[in-house]
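Subject: Structure for you, with notes

Hi,

Here is the structure I promised to pass on.

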Amino acid sequence: MVMRHAQPAIGSPDGSDHARPLTSRGRLQAASVGRRLAGLGWMPDLVLASDAVRCRETWDGLAPHLGSPVRFHRDLYYADVGQVLDLVAREAGEAGTVLVLGHNPVQGVVLARLAGEGLFLRHAEAVLLAGEGPTWRESLACGFRVVTVVAPG
């Protein structure tokens with residue numbers, strides 16, 4: 001799964017982009033997508049997320065519905081597509097389903113690399129993908145297909 005964080009505030013208390021929190025709408029979006037993913041049976045075995053405040057708060061809205069282990073990574077905040085895919089290859093291990101929670105524009109580029117489809121993800125959208133290989137490394141090399149897009153409702 002590739003997901004963009006929910007709607008953030010325009011600014012942050014300290015003025016940094018990294019510290020931008022979610023708006024009240026963003027918190028509702030995150031919870032809505034969490035409910036929808038759980039309802040579809042898409043429960044990640046592992047979540048790899050940017051450590052930006054808006055991603056942490058998006059996870060806070062998803063977590064009650066998904067209950068997956070999460071690993072926050074500073075490098076996902078400034079990551080390029082190669083860094084995202086390297087992180088998945090290194091950390092996915094035996095996980096059957098991995099959710100990568102991050103930022104545009106790289107999330108759209110990751111989708112283009114994985115599934116041949118560049119999508120601009122709106123806030124809190126999650127793209128569900130099915131791998132074509134038996135392992136993460138093979139799937140990352142062979143590609144994925146888009147199953148569906150889950151948006152907040």
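Which residues does leucine 114 touch, not counting residues up to four places away in sequence? The list is Val2, Leu85, Leu129, Leu140, Gly143 and Phe144, where contact means heavy atoms within 4.5 Å.

Before going further, a word on where this comes from. This is a predicted model, in which local features need pLDDT of at least 70 and side-chain atom pairs count only at pLDDT 80 or more, while totals for chains, interfaces and linings use all residues. Residues are numbered from 1 along each chain as its sequence is written, and side-chain values use heavy atoms, with hydrogens and water left out.

**Leucine 114 and the cores**

Leucine 114 is found in helix 4; helices (H or I, at least four residues) and strands (E, at least two) are DSSP runs, numbered from the N terminus. Its relative accessibility is 8%, so leucine 114 counts as buried. For that term, buried means under 20% relative accessible area, exposed means over 50%, and partly exposed is in between (1.4 Å probe, protein chains only). Leucine 85 is 29 residues away from leucine 114 along the chain, and their C-alpha atoms are separated by 9.0 Å.

Leucine 114 also belongs to the largest nonpolar core, which has 26 residues. Val98, Val110, Leu114 and Leu129 are the ones with the most contacts inside this core. A nonpolar core here is a set of buried Ala, Val, Leu, Ile, Met, Phe, Trp, Tyr and Cys residues joined through side-chain atoms within 4.5 Å. At least two residues of this core come from each of strand 2 (46-50), helix 3, strand 4 (98-102), helix 4, strand 5 (126-131) and helix 5 (136-142). Helix 3 gives the largest share, six residues. There is a second, separate core of 20 residues, which includes Val33, Val47, Leu62 and Ala126. As background, nonpolar side chains tend to be buried together in soluble globular proteins.

Valine 110 touches Val2, Val81, Val84 and Leu85, again not counting residues up to four places away in sequence.

**Two helix pairs**

How do helix 3 (residues 81-91) and helix 4 (residues 106-115) cross, and at what angle? Their axes come within 9 Å and cross at roughly 65 degrees. Axes are lines fitted to C-alpha atoms, for helices over the stretch in contact, and angles run from 0 to 180 degrees between N-to-C directions. Helix 3 and helix 4 are therefore roughly perpendicular to each other. On this scale, angles under 35 degrees count as roughly parallel, over 145 as roughly antiparallel, 65 to 115 as roughly perpendicular and the rest as oblique.

On the helix 3 side, Val81, Val84 and Leu85 meet Val106, Val109, Val110, Arg113 and Leu114 in helix 4. These contact residues divide into seven nonpolar, no polar and one charged. In this count Ala, Val, Leu, Ile, Met, Phe, Trp, Tyr, Cys and Pro are nonpolar, Asp, Glu, Lys and Arg are charged, and the others, Gly among them, are polar.

Helix 1 and helix 2 (residues 53-66) pack at an angle of about 30 degrees, with their axes 7 Å apart. Helix 1 and helix 2 are therefore roughly parallel to each other. Helix 1 contributes Ala30, Ala31, Val33, Gly34, Arg35, Leu37 and Ala38 to the contact, and helix 2 contributes Thr58, Gly61, Leu62, His65 and Leu66. The residues of this contact divide into seven nonpolar, four polar and one charged.

**A few single residues**

- Asparagine 104 and proline 105 are joined by a cis peptide bond, with omega about 5 degrees. Proline 105 is in the loop between strand 4 and helix 4.
- Alanine 124, in the loop between helix 4 and strand 5, has a positive phi, near 70 degrees, in a residue other than glycine. Alanine 124 is buried, with a relative accessible area of 0%.
- Phenylalanine 72 is found in strand 3 (residues 70-73). With a relative accessible area of 27%, phenylalanine 72 is partly exposed. Leaving out residues up to four places away in sequence, phenylalanine 72 touches Ala49, Ser50, Asp51, Arg56 and Trp59.

Best wishes
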